Amino acid sequence: MAASHRPALRNLFDDSPTPHIAHPPHTHHRDFYLAADGSFRDSGEGGLGVIIETRDGGRIARLSVPDRVPDNNVAEYRALHLGLDVLAANVPPSARVGVLVDHDDLAANVNRATLAGRESDYRPPHPFRVPGAAEHHWRGIRARVNGFGELRAARIRSAENPAHPLANAPERFEHVNPTTEPDRPVSGYDGEQVPPPSRANRHAGD
């Protein structure tokens with residue numbers, strides 16, 4: 001998990017801007033929070049980092065997955081795609097989700113997709129700006145955005161992103177990837193039980 005001096009995901013989300021969507025106090029009450037980051041090196045080697053928590057800080061998943069990507073944009077989109085896939089497998093579809101990313105265009109696109117989902121023609125108020133090489137992952141992200149009760153993204157600085165170390169040093173954090181059930185059961189609404197995280201690194205090459 002993030003170093004102890006870092007704020008919880010909930011606090012980071014509350015204190016960060018949500019591009020294109022107003023951020024009044026009632027929107028702070030998310031059920032789950034997801035931080036994602038992707039890394040890229042000139043060698044083509046990179047990594048995907050994901051942390052998912054409940055609103056009270058309970059851990060659902062923590063992933064640090066090595067990956068080969070063509071550029072940093074694809075790494076960022078792929079990391080969020082992975083995180084949303086894992087989240088969707090472990091929480092109720094009615095969940096209200098707060099996403100934290102340090103990629104400006106990605107945060108803006110996610111919120112445009114949220115707003116587009118409220119319109120009858122599913123068109124965003126502003127055009128999406130998605131790198132061509134990330135289109136596959138963007139389609140997966142957009143499908144996941146529409147699959148939750150409500151979702152919006154906050155933009156944070158890279159230095160604040162708790163998923164950043166996981167993405168940048170997967171060789172050091174391989175031990176965090178889930179092989180067993182989480183520390184405690186994760187409950188949904190009205191006592192509904194949510195299944196434990198699967199071995200989610202199988203999604204990394206999607």
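Me: In what order do the five strands of the open sheet stand?
Reply: Happy to start there: the pairing is mixed, where strands pair if DSSP finds at least two bridges between them. Strands here are DSSP runs (E, at least two residues) and helices likewise (H or I, at least four), numbered from the N terminus. The open sheet has the order 3-2-1-4-5.

Me: Which strands stand at the edges?
Reply: Each edge strand has a single partner strand, so one side of each is left without a neighbour in the sheet. They are strand 3 (59-68) and strand 5 (150-155).

Me: Good to know; what is the source of the model?
Reply: This is a predicted model, where local features need pLDDT of at least 70 and side-chain atom pairs count only at pLDDT 80 or more, while totals for chains, interfaces and linings use all residues. Residues are numbered from 1 along each chain as its sequence is written, and side-chain values use heavy atoms, leaving out hydrogens and water.

Me: Which residue in strand 4 stands opposite L34?
Reply: Strand 1 (residues 32-40) and strand 4 (residues 96-101) pair in the parallel sense over four bridges. Opposite L34 stands V99.

Me: Is H103 buried or exposed?
Reply: H103 sits in the loop between strand 4 and helix 3 (104-116). Its relative accessible area is 12%, and the cut-offs are under 20% for buried, over 50% for exposed and partly exposed in between (1.4 Å probe, protein chains only). H103 is therefore buried.

Me: Which residues is H103 in contact with, leaving aside its neighbours within four places in sequence?
Reply: Contact means heavy atoms within 4.5 Å. By that rule, the residues are N73, E76 and Y77.
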